[in-house]
Amino acid sequence: MSNSSKRSNLRVMSAELSLLSRPDGSATLFQGDTCVMSAVYGPGEVRINKEQIDRATVEVIYKPRSGLPGCTEKSQERLIRNTCETVLLSSLHPRSSVSLTVQEMQNSGSLLACCINSMCLALLDSGMSMKCLVAAVHCVLDFEGAVFLDATDKEEKGAQACVTFVFDSVDKNVVMVHAVGKYSVEQFNKCMSVCRTASADIFHFYRETMTKKLKRS
Amino acid sequence: MYSSSKPAETAKISVRAARPLEYYRKFLEKDVRPDGRELGEFRPTILNIGCISTAEGSALVKLGNTTVMCGIKAEFATPKTEEPSNGYLVPNVELSPLCSPMFRPGPPGEQAQVLSHFVNEVLNQSCCVRKEDLCIKTGKLVWVLYCDILCLDYDGNAPDACILSLLAALKSTMLPAVKYNEETEKPETDSVKTEPLHILSNPVSSTFAIFDDHLLFVDPTVQEESLATGTVTIVTNDNDLCLVQKPGGSPVTADQMNTCFERAFSRSKEVLRLIDEILHSIER
Amino acid sequence: MVDHVGTVFLPGDTIHNLNKSEKTGKIIIGPGLRQESETIIVSKPGILRHKEPNIYWIDSHQKKYVPVKGEQVLGVVTAKAGDVFRVDVGGSEQATLSYLSFEGATKRNRPDVKVGDIVFARFLVANKDMEPELVCMDGAGRSSGMGVIGRDRGFMFTCSLNLIRKILSPGCVLLKTLGNGNRFEITVGMNGRVWIHGRSVVDTIMVANAISAAEFMDKDQIRAMCSKLADRFIVVE
């Protein structure tokens with residue numbers, strides 16, 4: 001079984017849109033037992049020192065389940081914000097702000113991927129103009145070089161490398177990578193191709209969720 | 001001659017100031033950057049090891065104008081009960097208002113926090129220093145290495161400079177020989193005898209900037225960073241990869257990633273040769 | 001191509017072979033669609049709609065209002081600043097409303113507008129790079145229903161932009177059936193705000209609830225709801 005992909009499927013996903021009444025868009029996403037809730041406000045009023053004359057200012061607040069945010073959370077925040085900036089057509093709303101809150105509800109592995117996917121769903125729910133969609137897929141490499149897709153927290157602990165990829169929906173190119181551990185270029189490329197294949201499931205899931213929402217009325 | 005060249009010179013300056021993107025595009029069409037570098041060329045790297053005499057290890061790195069100093073300070077500490085034979089490595093990156101007007105005094109800003117987290121991840125994931133090596137007496141006494149990285153001049157590409165200064169400083173670190181006295185439960189240091197720190201692997205970072213969604217070039221300056229539509233940071237660890245980070249920005253293809261990997265590995269060799277040379281020259 | 005219409009599209013999707021106008025060979029694209037060189041790309045999630053012969057747009061669900069030129073909205077006056085009033089319309093920044101842009105207003109004869117008033121106005125300027133500007137007159141200088149509405153009476157509430165478009169669409173039976181055998185005043189702004197004034201407080205609340213409830217109903221359900229409510233109105237009297 002070694003050197004082959006051990007789990008080629010993502011965990012079961014379920015999402016609920018517009019759960020919160022105040023934000024302009026919100027989404028709760030379960031990927032297995034990992035759960036993240038995201039809320040978007042915008043385009044809204046911007047603080048004068050953050051105003052950009054050619055595009056909207058994107059702010060992301062990442063809230064850990066407990067405790068105060070530290071360096072790790074700031075780092076997560078930046079990854080989420082930059083990904084969000086890539087997909088939003090922020091030039092359509094200059095001198096305004098888009099603020100996003102990502103709340104971790106439960107972490108049982110693949111947290112960053114779940115954060116980005118729930119962010120994308122919240123943006124879809126808000127109906128803001130976007131260039132394309134993004135799908136985040138997480139996988140781990142064990143010491144035999146086998147790839148575990150959408151790893152649980154237990155699998156993450158015993159892993160040689162943890163990799164999160166974000167692909168865009170148009171060309172399936174890499175928007176974001178966060179890969180840590182010890183791995184060769186071949187292994188990296190293998191993870192990338194496995195994750196790219198799996199990203200199609202997420203895009204399909206987005207479409208299903210949005211169709212359910214839009215066909216209601 | 002003089003009078004004819006002057007208007008052209010002013011025109012060049014005004015184009016650079018008013019339309020930096022067009023200015024860059026004109027150069028990049030010819031596969032060269034305004035400072036004369038090719039796309040895959042790093043700025044001249046200057047390394048000085050052992051510049052802080054009071055620290056256990058130190059290094060000063062200049063990557064073009066970007067100047068970063070790293071000092072390693074060793075102190076005694078008691079280990080955690082769940083890991084009784086592990087020492088501590090505490091990295092911290094400081095981007096003070098001294099290095100650029102972009103940074104404000106006060107608590108560390110987002111970029112400093114992100115950099116600190118990055119350095120910490122590289123230290124932990126590359127396993128370049130085994131934490132067991134920092135143990136003096138299991139369960140009683142271990143070394144804690146404070147790796148303070150201070151940016152003196154910020155002109156882009158801080159991650160590469162930080163990792164390079166950290167590696168060089170760690171390689172030059174000499175820890176005093178310590179004996180643990182069982183009766184008094186106190187450490188006894190030998191002031192003359194010192195031992196070098198074991199460095200098991202060599203993490204080297206290379207940062208690429210994406211320009212106009214398709215062009216990749218290495219080692220961006222501050223201006224290039226602000227014009228770039230994304231960055232890719234690759235940390236190699238000898239023959240393996242240790243960390244690949246692309247925090248959003250323009251999408252890249254798998255082929256582009258592979259070109260980056262190739263360049264990162266060749267950069268790794270260049271850097272390690274440089275560190276070895278400097279270390280040799282100090283010994284002599 | 002007909003099969004595209006009515007299906008759900010997500011941002012980044014490309015749409016091919018749309019109907020071109022026979023005369024000009026052009027396609028008119030509305031909200032949620034954008035052109036990139038020769039292709040048409042979707043930028044908002046929603047259902048593709050089509051109007052003969054060549055008009056296309058995406059019908060998307062959105063809560064946040066973005067000002068559009070010519071649209072009539074309900075705003076709340078938040079401040080008086082010299083010659084203009086600042087009006088909150090629910091967009092990313094407050095709109096301005098000049099005191100001269102009311103019917104019959106002159107420098108001498110200022111309109112009676114106070115902070116906190118609700119105004120029904122039309123966007124004269126709505127541009128992403130400029131501050132939005134409202135007027136309370138039509139092209140001929142008449143108020144045509146716009147201006148301060150319902151001071152000290154009535155009730156304003158917000159709902160989704162989608163619902164507004166639904167109740168204002170010519171095919172919607174909601175307001176007509178609600179108005180059968182029951183009198184109330186209503187003003188609907190494109191920015192998701194509805195102002196209602198019924199004969200009693202209970203009436204007003206009932207109409208407001210009926211409108212909110214109609215978001216996911218079809219025609220028959222709306223009729224059924226209205227007939228149920230009609231009984232209630234009589235009870236109140």
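This is a predicted model: local features need pLDDT of at least 70, side-chain atom pairs count only at pLDDT 80 or more; totals for chains, interfaces and linings use all residues.
Student: What is the average pLDDT of chain B as a whole?

Tutor: Chain B averages 91, and 97% of its residues score at least 70.

Student: Where does UniProt put the "domain: Exoribonuclease phosphorolytic" feature in chain B?

Tutor: The unreviewed UniProt entry places that feature at residues 41-176 and 203-266 of chain B. Residues 41-176 are 23% helix and 38% strand, with end C-alpha atoms 40 Å apart. For residues 203-266 the figures are 30% helix and 44% strand, and the end C-alpha atoms lie 13 Å apart.

Student: How many residues of chain B and chain A are in contact?

Tutor: Here 24 residues of chain B are in contact with 28 residues of chain A. They count as contacts because the C-beta atoms of two such residues lie within 7 Å. On the side of chain B that touches chain A, α3 (110-126), β12 (240-246) and α6 (254-283) of chain B each give two or more residues. That side divides into 11 nonpolar, 9 polar and 4 charged residues.

Student: Why are strand β9 of chain A and β12(B) called paired?

Tutor: Pairing needs at least two bridges found by DSSP, and 5 bridges join β9 (residues 174-183) of chain A to β12(B), so the two strands pair. They run antiparallel. As one example, A:V177 has B:K246 as its bridge partner in β12(B).

Student: What makes up the contact between chain A and chain C?

Tutor: Chain A brings 27 residues and chain C brings 21. On chain A's side, β3 (34-44), α2 (111-126) and α4 (185-214) of chain A each give two or more residues. α4(A) gives the most, with 5 residues. By class, that side has 12 nonpolar, 10 polar and 5 charged residues.

Student: How many helices and strands does chain C have, and what share of its residues is buried?

Tutor: Chain C has 4 helices and 16 strands. Of its 237 residues, 35% are buried. These residues are called buried because each has 20 or more other C-beta atoms within 10 Å of its own.

Terms used: Residues are numbered from 1 along each chain as its sequence is written. Chains are lettered from A and ligands numbered from 1 in the order in which they are written. UniProt positions are given in the numbering used here, feature names are shortened, and annotations may be inferred rather than shown by experiment. Ala, Val, Leu, Ile, Met, Phe, Trp, Tyr, Cys and Pro count as nonpolar, Asp, Glu, Lys and Arg as charged, and the others, Gly among them, as polar. pLDDT is the predictor's confidence in each residue, from 0 to 100. A residue is buried if 20 or more other C-beta atoms lie within 10 Å of its own, exposed if 12 or fewer, and partly exposed in between; C-beta atoms are placed from the backbone.
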